[in-house]
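Let's take a short walk through some charged pairs. Have your viewer open and be ready to select residues as we go.

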Amino acid sequence: MAISDIQIKAVVADYLDRYPDEAETLAEPVRQLSQGADFASRRTLPMHVTVGALLVRADEVLLINHRAYGGILLQPGGHLELEDVTLIDAAVRELVEEADVDPSQVVAASHTPVYIEYGPVPARPAKDEPAHFHLDIGYSFTAPSHAELGRIQESEVTGADWYPLAAAERLVGHRIARAVRGPASIG
């Protein structure tokens with residue numbers, strides 16, 4: 001059973017309750033969510049939902065080189081699949097697929113996203129995809145200090161490694177600090 005638009009809207013609404021200062025930045029995707037349908041499908045245009053997984057191990061975070069983005073370091077993540085039941089489960093699935101992390105070692109830091117970002121994606125003619133937008137919903141997870149990576153998913157990832165938190169924040173941005181702190185409290 002695919003993730004419903006109702007689930008997506010509820011997650012975004014909860015996030016905006018926690019981060020009201022981001023309402024203006026997310027105004028366009030919120031508008032689209034109120035009008036469209038099936039945002040879990042990668043064929044829904046001009047926007048669809050993706051998920052990200054920030055995995056923190058002691059004072060390090062896992063980053064990958066994603067082929068689709070020309071080797072830019074990012075957190076693991078990607079498109080939703082029909083079998084995904086929740087957004088957070090989809091984030092764990094992507095983490096396991098891309099970096100072969102043992103899912104029994106992964107613990108959700110919170111069931112609330114630590115970031116939601118709306119951004120353009122260039123056209124990918126090889127995948128018959130025009131330019132469009134992703135609404136990327138990211139969750140934070142922890143792993144024990146001995147957690148290791150397995151074989152990377154070479155069809156999508158060219159490398160994966162653990163990065164010190166300060167270096168990762170310089171490379172990836174504010175979402176790293178939120179991954180460590182967890183989501184803001186409502187109130």
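Start by selecting Asp 14 and Arg 18, which form a salt bridge (a side-chain nitrogen of Lys or Arg within 4 Å of a carboxyl oxygen of Asp or Glu) with closest N and O atoms 3.5 Å apart. This is a predicted model, where local features need pLDDT of at least 70 and side-chain atom pairs count only at pLDDT 80 or more, while totals for chains, interfaces and linings use all residues. Residues are numbered from 1 along each chain as its sequence is written, and side-chain values use heavy atoms, with hydrogens and water left out.

Both residues sit in helix 1 (residues 5–18), four residues apart, so about one helical turn separates them. Helices here are DSSP runs of H or I with at least four residues, strands are runs of E with at least two, and both are numbered from the N terminus. Asp 14 is partly exposed at 25% relative accessibility, and Arg 18 is partly exposed at 21%. (Buried means under 20% relative accessible area, exposed over 50%, and partly exposed in between, with a 1.4 Å probe and protein chains only.)

Next, select Glu 148 and Arg 57, a salt bridge with closest N and O atoms 3.7 Å apart. This pair links distant parts of the chain, 91 residues apart: Glu 148 lies in the loop between strand 7 (132–143) and strand 8 (157–164), and Arg 57 in strand 1 (residues 47–57). Glu 148 is exposed at 53%, whereas Arg 57 is buried at 9%.

Finally, pick Arg 93 and Glu 94, bridged at 3.0 Å. Arg 93 is buried at 14%, and Glu 94 is buried at 3%.
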